[in-house]
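The following note sets out points on the ligand site and the pockets, in the order in which a reader may wish to check them.

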Amino acid sequence: MRLERCRVTGAEQVGPYTLLRVDAGGLDAGVPGQFFMLEAPGRLLPRPMSVCLAAARELAFLIDPIGPGTQALCSLERGEELNVLGPLGNGFELDVERPLLVGGGIGIAPLPFLSERLGEPPAILGFRSDWHAEAAALVPNAEVCVEPTYVTELLPDHPGTVLACGPEPMLAALRARVPDAQLAWEAPMACGYGACYGCAIEIDGELRRLCVEGPVLRAA
Ligand SMILES: Cc1cc2nc3c(=O)[nH]c(=O)nc-3n(C[C@H](O)[C@H](O)[C@H](O)COP(=O)(O)OP(=O)(O)OC[C@H]3O[C@@H](n4cnc5c(N)ncnc54)[C@H](O)[C@@H]3O)c2cc1C
Ligand code: FES
């Protein structure tokens, strides 16, 4: 984990989302599924974001502008600077057989990086509209569905190793169908490294910090 002041190198619209590119400086991209805490200009607390793409000297984050912090991040322009802390948490385990990536909505954010690291395996992606589905272009070998069709309807009977990120109902449905799936969960996070307990969730009757134990957890 390292804190860097990073310069924005670009910000592109991808459907309703913004792909924010920053100069990585000395930051290690980490493992797909790990995340960084990004300073949100004008806000007290940073916001957790998954690495979407990692090139030699660049990190890119796919951001859904759902509130003040993400909107501030999406309005950053080339040349502006922000504090970036990470990589944080536990990412996906990559030593798997027959990987199948599953993503829903902004949950596809970590999948381009994951796809690259796994040699571009098949993916199933679901979105709420054709506009949102423009983000599917970031994930190679993807089968795409738009509501009212859900990703679980496209899941084969023997899906191999499912690695997924998306809204809670999607993850819950996958959890029921694929007990050995690796699922990336979300919770509001204030620090990102275990200090504040803001991200505590109950797992097997015990409170666990998602930023330390996750965000990627085994379905079972
Ligand atoms: C490990 C991790 C990785 C993430 N990666 C990405 C990413 O790559 N791209 C992306 O766009 N977003 C990602 N998020 C979600 C993102 O961090 C939140 O959307 C953001 O913090 C919201 O901040 P805001 O100020 O814009 O909105 P806020 O005003 O803080 O929140 C808007 C609404 O969303 C709810 N909310 C906020 N954060 C979360 C959360 N984490 N889980 C559930 N509900 C929440 C709030 O309760 C509120 O109702 C990630 C979250 C986590 C925990
Ligand atoms: S975000 Fe602070 S403990 Fe997890």
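1. The shell around ligand 1 in this predicted model comprises 20 residues, and the closest of them are R47, P48, L62, G69 and T70. By class, this shell divides into 13 nonpolar, four polar and three charged residues.

2. A polar side-chain atom of T70 lies 2.5 Å from an oxygen atom of ligand 1. At P48, a backbone N or O atom is placed 2.7 Å from an oxygen atom of the ligand. At A187, a backbone N or O atom is found 3.2 Å from a nitrogen atom of ligand 1. The protein covers 72% of the 890 Å² of accessible area that the ligand has on its own.

3. Two or more residues of the shell around ligand 1 come from each of β4 (47-50), β6 (58-63) and α1 (68-74). Of the elements, β4 gives the most to this shell, with four residues.

4. The volume of the largest pocket is about 1,200 Å³. Its lining consists of 46 residues, of which I106, G107, G166, P167 and E186 are the closest to the pocket centre. The lining contains 27 nonpolar, 13 polar and six charged residues.

5. Which elements each supply at least two residues of the lining of the largest pocket? They are β4, β6, α1, β9 (123-127), α3 (151-154) and α4 (168-177). The largest share of this lining, five residues, comes from α4, whereas β4 gives the most to the shell around ligand 1.

6. Two strands, β13 (200-203) and β15 (216-218), each supply at least two residues of the lining of the second largest pocket. The largest share, three residues, comes from β13.

Methods:
Residues numbered from 1 in each chain as written. Chains lettered and ligands numbered in written order. Predicted model: local features only at pLDDT ≥ 70, side-chain atom pairs only at ≥ 80, totals over all residues. Heavy atoms only, no water. Near = heavy atom within 4 Å. Polar contact = N/O pair within 3.5 Å; in protein donor to acceptor, adjacent residues only side chain to side chain. Areas by Shrake-Rupley, 256 points an atom, 1.4 Å probe, with all protein chains shown as cover. Nonpolar A, V, L, I, M, F, W, Y, C, P; charged D, E, K, R; others polar. 1 Å grid on protein atoms, 1.4 Å probe; cavity = no way out; pocket = protein on both sides within 12 Å on 5 of 7 lines; lining within 4 Å. Points joined across faces, edges and corners; volume = space filled by probe spheres on them.
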